[in-house]
Amino acid sequence: MIQTKKIKEQIAFSVFRLLGFMVLGVLLWILGFIIYNGIGVISWEFIFSAPTDGMTGGGIFPAIVGTFYLIIGSTLFAFPLGIMSAIYTVEYAKNNWLTKFIRIMTNNLASIPSIVFGLFGMTLFVNTLGFGDSILAGSLTLGLLILPVVIRTTEEALKAVPKTYRLGSTALGANKIQTIKRVVLPAAFPNIITGLILSIGRVSGETAPILFTVAAYFLPQLPHSIFDQAMALPYHLYVLATSGTDIEAARPMAYGTALVLIVIVLLMNTLAGIIKKRFEKNK
Amino acid sequence: MKKFIDKLIEGLLKLSGTVTGITVLLIIVFLFKEGSGLFQSSTVEKGYTLLVNSENPIDKLSPEELKHIFDGEIENWKQVGGRDEAIRIFRFDEIFSIYTDDELGEDYDLIPEKLGEVIHTNPGIIAYIPQKYAAKNSRGIKELIQEKIGLSDYFLGEEWLPTATPAPLFGILPLLFGTLLVSFIAILIAIPLGVGVAIYLAEIANERIRKLLKPAIELLAGIPSVVYGFFGLVVLVPIVQKTGGLDLGETAFTGSLILAIMALPTIISIAEDALRTTPKAMRDASLALGANKWQTIYKVVIPFASSGIAAAVVLGVGRAIGETMAVLMVTGNAAVIPHSMFESVRTIPATIAAELGEAPSGGTHYQALFLLGAVLFIITLTISIVAEIISSRKMIKE
């Protein structure tokens with residue numbers, strides 16, 4: 001009896017272990033495949049020159065620049081708004097109807113599919129507000145997409161600041177705003193930065209929201225203002241993989257682009273991990 | 001002064017919160033505002049009309065009938081309830097091959113008259129022409145009654161042919177079935193894997209393995225969907241095609257495989273959190289009664305966390321249903337009601353992504369796509385509410 005109990009447990013545990021390593025295997029498979037095929041493509045020229053020969057040669061510089069602009073634009077929009085919303089819900093209105101409303105809506109915002117953000121951005125920013133297909137419209141759309149991420153990480157960061165900090169500051173005669181500015185925000189800062197870094201990873205990979213708000217198939221020159229269209233890495237990969245003039249010849253370019261995207265995500269995740277770890281150690 | 005600034009800042013913070021809060025409402029309003037015009041539009045393309053001979057007893061035709069007539073599948077008026085008369089399709093361009101430019105007059109102002117002649121002399125004719133050339137009050141011709149696109153045409157229609165002339169078909173059933181099929185199979189694959197890994201991480205794995213697996217799963221969540229799509233396209237599509245012996249590897253099943261991988265991080269992290277909420281006292285009690293670790297897990301921990309695990313699965317479904325790019329790239333995008341999972345399907349998000357760029361702004365196709373967005377929004381919203389209810393029900397039980 002005890003024997004079968006033990007055997008059952010061991011079978012069950014090895015099945016679970018197997019599942020765990022299967023997931024790890026899937027990740028390594030995807031990463032390995034992209035890295036193996038893409039590493040040979042990466043070169044100085046690939047990173048710093050424009051596509052040539054109908055997307056089968058040259059590089060992806062305009063797409064990198066476009067994605068960079070979108071990262072800057074969307075974080076400039078989402079961060080002040082998201083951090084202020086979070087400060088309001090955590091520090092000011094603990095449990096009134098507005099806080100509840102904001103919390104429910106933030107949760108719902110996070111569950112909205114990215115293509116719906118694309119539709120919304122197209123009607124509001126591109127058409128109604130008349131920004132046209134532009135970096136501005138794309139950044140605002142992507143900004144909305146990362147807003148829930150920003151709010152959540154900021155809320156968590158603020159909540160993690162010990163209450164004694166706030167009491168100590170108040171006891172020294174500081175008012176609420178001073179306490180938030182001088183004590184709470186600096187203490188929560190590393191965790192807020194983690195949210196920033198993770199949303200940069202998200203912005204650089206999203207395709208559906210930029211399809212109809214900013215992304216251009218090919219542009220001969222770099223964008224000059226926020227009202228210009230731009231190329232972007234994820235859309236560029238989509239184009240290379242599915243709709244180029246010569247898909248087979250464009251394959252190496254696609255592998256290279258996918259690798260650059262993966263590297264950005266890897267970098268952002270590692271960076272966020274390091275900052276978080278350092279912060280936890282200091283605590 | 002200082003008081004004033006404090007108030008100002010507080011007001012500003014409140015405003016940011018409110019702006020965030022109303023974004024979701026704005027999204028709903030805009031989707032419906034853009035989409036609702038569809039049901040005020042007529043079934044025949046805007047600016048065009050259909051004319052028949054006045055002897056013809058038919059007064060109106062449904063969009064499906066029109067499609068079959070113009071495809072040549074219906075060749076006799078008898079088939080749509082008319083007389084036994086062969087259908088003669090007349091497209092506007094033909095007028096230029098029957099008459100010379102001179103006969104059509106200066107600035108083509110004789111076109112309505114000549115069209116009238118053609119229609120009057122052909123009892124079986126159906127002419128599809130721009131509204132402005134339709135002769136008014138002309139003897140011997142009759143304009144078919146134009147109906148508005150109905151709710152049932154949209155929500156119960158079985159064909160999605162948004163660019164068909166003269167009457168586009170906007171039946172969303174194939175897209176809805178496609179979305180549900182792909183997501184359903186994906187979640188069937190993802191549940192055992194996701195819940196299994198969550199159990200492993202929460203209960204069995206030691207610290208070293210956890211430190212290896214957790215970042216891996218976060219990374220899996222961070223990989224952009226277009227990269228998943230690309231991977232699916234170049235790796236999974238050929239594998240599915242070969243092992244299934246199929247003509248094409250772009251099937252619902254391929255999409256499900258990719259979606260399963262993409263839904264895994266959501267399921268794993270939420271289910272793991274749920275498993276961890278099991279109180280230590282309950283585990284200790286079970287162990288004290290002589291149960292071993294595995295018995296404790298499946299008799300105590302899993303039942304306790306079951307609602308959290310269910311919420312995780314539901315949120316995984318939500319993730320799968322809303323996913324756009326990866327599915328767009330690997331499912332082949334045939335807008336037909338699928339009969340098996342090894343057929344090509346087209347999901348709602350993929351349809352929007354693929355077609356919106358080509359749909360003229362403000363036209364019926366454009367409106368139909370925005371309504372699709374609204375449908376998708378409502379589905380995912382319902383799912384997230386259901387997930388919330390499931391996980392809050394557990395709180396009450398406690």
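The model is predicted, so local features need pLDDT of at least 70 and side-chain atom pairs count only at pLDDT 80 or more, while totals for chains, interfaces and linings use all residues. Residues are numbered from 1 along each chain as its sequence is written, chains are lettered from A in the order in which they are written, and side-chain values use heavy atoms, leaving out hydrogens and water.

**Chain A.** Select chain A, whose C-alpha atoms fill a box of roughly 70 × 70 × 35 Å along the principal axes. Chain A has ten helices and two strands; helices (H or I, at least four residues) and strands (E, at least two) are DSSP runs, numbered from the N terminus. From that terminus, the order of elements is α-α-β-β-α-α-α-α-α-α-α-α.

**Helices α5 and α6 of chain A.** Select residues 114-128 and residues 135-160 of chain A, which form α5 and α6. These helices pack at an angle of about 135°, with axes 9 Å apart; axes are lines fitted to C-alpha atoms, for helices over the stretch in contact, and angles run from 0 to 180 degrees between N-to-C directions. The two are therefore oblique to each other, since angles under 35 degrees count as roughly parallel, over 145 as roughly antiparallel, 65 to 115 as roughly perpendicular and the rest as oblique.

**A salt bridge.** Next, show the side chains of Arg103(A) and Glu155(A), which meet in a salt bridge at 3.7 Å, N to O. The term denotes a side-chain nitrogen of Lys or Arg within 4 Å of a carboxyl oxygen of Asp or Glu. Arg103(A) lies in helix α4 (residues 97-111) and Glu155(A) in helix α6, 52 residues apart.

**Helices α9 and α11 of chain B.** Move to residues 252-276 and 293-322 of chain B, where α9 and α11 pack at about 150° with axes 8 Å apart. These helices are therefore roughly antiparallel to each other. Among the residues that meet are Ile267(B) in α9(B) and Ile309(B) in α11(B).

**The interface.** Finally, display both chains: the contact takes 74 residues from chain A and 81 residues from chain B. Together they bury about 6700 Å², 82% of it on carbon and sulfur atoms; buried area is the accessible area (1.4 Å probe) that two parts lose on being put together, summed over both. Phe16(A), Val23(A) and Leu119(A) supply 9% of the area that chain A buries against chain B, more than any other three residues. Between the two chains there are zero salt bridges.

Conventions
Contact = heavy atoms within 4.5 Å.
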